[in-house]
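Welcome! Take a look at the sequence and the model, then read on.

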Amino acid sequence: MVFPTDGNVLVGLDRADDAGVYKVSDELALIQTVDFFTPIVDDPYWFGQIAAANALSDVYAMGGIPKTAMNLVAFPVKDMDLSVLRAVIQGGIDKLAEAETVLIGGHSIEDKELKYGLSVTGFVHPARVLTKQNLQPGDGLVLTKPLGTGIVNTAIKAGMASADLTESVTRLMAALNRIAAETMARFDVHACTDVTGFGLLGHLAEMVSGSGRSVRVFAERIPVIEDALTFAAMGLIPAGAYKNREFRAGMIEVGDGMARERQDMLFDPQTSGGLLICMPGAQAEDLVAALKDAGLGDAAKVGEIVDGPAEKIRVA
Amino acid sequence: MKEIDARGLACPAPVLQTKAALQEEELSSLRVVLDNAASQENVQRFLDSQGYETLLQAEGADFWVIGTRGNARQRQEAGGPAPEAALQPGKIMVMCATDRMGFGDDELGKKLMINFLRTLKEMGPELWRLVFVNNGVKLTIDGSEVLEDLQAFEKEGLTILVCGTCLDHFDLLVRKQVGVTTNMLDIVTAMQLADKVISI
């Protein structure tokens with residue numbers, strides 16, 4: 001397929017990145033992204049917040065600042081009370097306010113199933129766009145949120161998660177990547193993405209593909225939701241995690257003796273996951289410390305970029 | 001063997017269905033039938049976490065998980081190191097050639113037999129075959145006081161053999177409610193394979 005383009009497209013469809021980037025001037029480029037999904041939590045207000053945090057995340061992952069947003073709504077108006085829709089949209093608005101982003105429009109249709117999301121536009125300096133490319137040998141990888149939301153959501157569906165856990169995971173998914181993005185902006189970052197449906201290793205594989213580099217992942221240092229390990233051992237794993245594992249099997253080598261549950265975390269599809277930041281190794285621990293100071297206590301250095309064998313991910 | 005059909009269900013429903021089945025009754029063996037590899041792996045993990053030994057199998061378009069484990073008593077003891085006998089249970093065959101225990105008072109003999117069969121489960125995983133011949137087959141038909149107990153044994157995975165010649169002799173073939181109708185060759189083979197044969 002050939003996509004229409006022009007000289008101002010900095011990041012387009014030819015590269016599977018988190019958002020499109022279009023240069024307006026030498027000082028300004030627009031970041032555009034859209035994301036929507038069916039409810040992942042029961043509470044409509046929290047669903048609205050999570051959907052907004054998830055849509056905004058792509059702008060942060062590109063190194064930008066979100067500015068405007070539009071709602072996308074599909075609603076079963078005959079089967080569901082309008083108060084549900086109001087709560088969803090209020091959740092979105094509150095999350096946008098937290099991100100200092102304005103809602104300037106939207107569109108809704110009638111549908112059998114509730115769906116909500118946003119199209120978000122952000123600003124970035126054309127020279128400071130962060131993509132999934134530009135991995136350098138010796139770089140460190142920093143992850144800003146713990147993994148395991150897909151598995152915990154499966155346990156919630158199964159009625160096996162406690163109320164406390166449900167609430168803490170809901171808050172985690174609704175948490176903006178704003179602080180992470182603002183903190184990393186003070187550092188010399190080489191590449192960035194956010195961890196969502198493909199899981200940590202799926203998104204890392206996208207970064208490694210075409211880079212000519214390899215990655216070493218330190219499984220033991222990866223932040224995880226502890227309860228997710230227990231649920232994984234009981235088989236409460238979303239089908240997406242298995243698809244993610246299968247899809248990237250050829251690129252990934254897992255060291256002997258690693259607990260199966262810990263491996264599951266690496267492929268678990270995340271909703272509104274954290275940023276995965278690639279930067280000079282010498283600065284990575286400083287970023288982790290700065291993120292922790294800013295309140296992101298789970299942030300950790302989880303891997304490093306090495307030269308060859310090309311485009312493999314080694315997990316040990 | 002208890003079969004759970006979890007085809008057409010999305011995660012986590014197959015695990016929940018399996019979990020519900022185990023909560024309903026204690027199963028020493030079960031087969032879960034699924035229609036995708038992800039559910040198969042999830043159910044395997046669940047059964048692993050519940051102390052089952054699992055085996056994966058592909059059957060046409062279906063994916064099977066077969067789980068087996070010792071009986072309930074063994075599970076309760078599973079906290080500590082398992083005694084050697086539990087690790088490699090001996091095979092005990094119990095053959096009942098009568099519907100009453102011992103000679104003397106027949107009423108007492110019948111009561112004792114019922115009590116005996118109900119207490120048999122205390123043998124644990126070593127109980128391997130329960131065989132009924134001659135008057136014993138009358139314990140396996142409708143109206144038998146121990147029918148429910150025998151059916152529970154069977155559900156837990158115990159093989160119950162019932163002599164076909166004997167059922168035929170008493171004209172009870174259609175009234176048998178539990179166990180597998182068998183012949184003398186099977187009974188003799190079972191005797192040969194058993195570590196211990198107890199005859200009543």
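The notes below cover charged pairs, strands and nonpolar cores.

Please keep in mind that this is a predicted model. Over all chains, the structure holds 26 salt bridges. In chain B, strand S2 (residues 29-34) is mostly covered, and the largest nonpolar core has 115 residues.

**Salt bridges**

- Side chains of opposite charge can pair when their charged atoms come close.
- In chain A, A:Glu98 and A:Lys95 form a salt bridge, with 2.9 Å between the closest N and O atoms. Both residues sit in helix H2 (residues 82-98) of chain A, and because they are three residues apart there, about one helical turn separates them. A:Glu98 is partly exposed, at a relative accessible area of 41%, whereas A:Lys95 counts as buried, at 5% relative accessibility.
- In chain B, B:Arg7 pairs with B:Asp62 in a salt bridge whose closest N and O atoms are 2.9 Å apart. B:Arg7 lies in the loop between strand S1 (2-5) and helix H1 (13-24) of chain B, while B:Asp62 belongs to strand S4 (residues 62-68) of chain B, so this pair ties together parts that are 55 residues apart in sequence. B:Arg7 counts as partly exposed, with 39% relative accessibility. B:Asp62, at 19% relative accessibility, counts as buried because the cut-off for that label is under 20%.
- Another salt bridge in chain B links B:Arg118 with B:Asp149, and here the closest N and O atoms are 3.1 Å apart. B:Arg118 is in helix H5 (residues 106-119) of chain B and B:Asp149 is in helix H6 (residues 147-155) of chain B, so the pair ties together parts that are 31 residues apart in sequence. B:Arg118 is partly exposed, with a relative accessible area of 36%, and B:Asp149 is also partly exposed, at 23%.
- Salt bridges also build a network, in which A:Arg245, A:Asp264, B:Glu41 and B:Arg45 are linked.

**Strands around S2 of chain B**

- How many residues of strand S2 (residues 29-34) of chain B are buried? Five of its six residues are, which leaves the strand mostly covered.
- S2(B) runs parallel to S1(B), and four bridges join the two strands. In this pairing, B:Ile4 has B:Val32 of S2(B) as its bridge partner.
- Together, S1(B), H1(B) and S2(B) make a β-α-β unit that is right-handed.
- S2(B) also pairs with S4(B), this time in the antiparallel sense and over six bridges. Here the bridge partner of B:Leu34 is B:Phe63 in S4(B).

**Nonpolar cores**

- In soluble globular proteins, nonpolar side chains tend to be buried together.
- Which residues touch the most other members of the largest nonpolar core? They are A:Leu201, A:Leu204 and A:Ile313, out of 115 residues in that core. Helix H1 (residues 44-61) of chain A supplies the largest share of this core, with 11 residues.
- Leaving aside residues up to four places away in sequence, A:Ile313 has several contacts, among them A:Leu201, A:Leu204, A:Val208, A:Met251 and A:Glu253.
- A second, separate core has 35 residues, including B:Met95, B:Cys96, B:Met113 and B:Val137.

Key
Residues are numbered from 1 along each chain as its sequence is written. Chains are lettered from A and ligands numbered from 1 in the order in which they are written. This is a predicted model: local features need pLDDT of at least 70, side-chain atom pairs count only at pLDDT 80 or more; totals for chains, interfaces and linings use all residues. Side-chain values use heavy atoms; hydrogens and water are left out. A salt bridge is a side-chain nitrogen of Lys or Arg within 4 Å of a carboxyl oxygen of Asp or Glu. Buried means under 20% relative accessible area, exposed over 50%, partly exposed in between (1.4 Å probe, protein chains only). Two strands pair if DSSP finds at least two bridges between them. A crossover is right-handed if, with the strands pointing away from the viewer, the path from the first strand over the helix to the second runs clockwise. A nonpolar core is a set of buried Ala, Val, Leu, Ile, Met, Phe, Trp, Tyr and Cys residues joined through side-chain atoms within 4.5 Å. Contact means heavy atoms within 4.5 Å.
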